[in-house]
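Here are a few exercises to work through with the model open beside you. Try each task before you read its solution.

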Amino acid sequence: PFLYRGDLDPRLPNRARVLGIAVGDETLAVPYDALAGEAAAGEWASASVRVGGRPIAVFWKDGAASALDTPAIPEGTVVGAAAAFEATAGLTFRATPGGPIDRQTGSSWNLFGEAVSGPLRGARLRRAPAIESFWFMWAAFHPDTAIWRPGDADP
C-alpha cells in the first residue's frame, strides 16, 4: 500500500475492506467480501459475532461507493457499507432483500440500527465500537485480530 512500510499480514488481501470491531482486548475483522457472499438477494447481509464476550450484530448493505478511488464518489468502486451494534435483549438477525429482520419479533432494521417496522418500530440498537478499514491498516494496529468467516458459530 502507498506509503506503508510495515509488515503485511497475509491472511487477507492488503486492500480488502473490513469492519474492525474492538471490545476490551479482543478484536475481530469482518471482511466485506465475506459479507457480500452471504448477502440476501445481493443486497443485505448480517452476521452475529461475539467480541470481548459481547454479542454483536453486523449489518452490511450493498451499493455504497468508495470515496477513495475516484475524484467523484458516485463513480467509485461499489464496496458496500457495514455497521456493528450491540445485540441487546438477545436479538439475533437474518438478512432479507429488504434488510435485517430480528428472529425474536420479526421487526425490520436499517443500517443505522433503527427498527423501521414491526413490534420494535422506533427502537434503536446501540453502536458497537467498530471502524471501516482496509485490512492492512486494521492488522497493523491489531496483529492478533481474529477474522470472521461465514459459518462461524453465532454467539
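**Exercise 1. Is Phe-85 buried or exposed, and which ring does Phe-85 pair with?**

Step 1. Phe-85 has a relative accessibility of 0%, so Phe-85 counts as buried (buried means under 20% relative accessible area, exposed over 50%, partly exposed in between, with a 1.4 Å probe and protein chains only).

Step 2. A note on the source: this is a predicted model, where local features need pLDDT of at least 70, side-chain atom pairs count only at pLDDT 80 or more, and totals for chains, interfaces and linings use all residues. Residues are numbered from 1 along each chain as its sequence is written, and side-chain values use heavy atoms, with hydrogens and water left out.

Step 3. Searching the whole structure gives four aromatic pairs (ring centres of Phe, Tyr or Trp, the latter by its six-membered ring, within 6.5 Å; planes under 30 degrees apart are stacked, over 60 edge-to-face, the rest tilted). In one of them, Phe-59 and Phe-85 have ring centres 5.3 Å apart and planes at 45°, so this pair is tilted. Phe-59 lies in strand β4 and Phe-85 in strand β5, 26 residues apart, so to speak a link between distant parts of the chain (strands are DSSP runs of E, at least two residues, numbered from the N terminus).

Step 4. Phe-59 is buried as well, at a relative accessible area of 0%. Ring pairs join Phe-59, Phe-85, Phe-93 and Trp-109 into a cluster.

**Exercise 2. Which strands does β1 pair with?**

Step 1. Five of the seven residues of β1 (residues 17-23) are buried, and the strand is mostly covered.

Step 2. β1 runs antiparallel to β10 (residues 130-134), joined by five bridges; Ile-21 has Ala-130 as its partner there.

Step 3. β1 is also antiparallel to β2 (residues 26-31), with six bridges, and Ala-22 stands opposite Thr-27.

Step 4. Two residues lie between the strands of the β1 and β2 hairpin, where Gly-24 takes a positive phi near 60°.

Notes: Helix = DSSP H or I, 4+ residues; strand = E, 2+ residues; numbered from the N terminus. Pairing = 2+ DSSP bridges.
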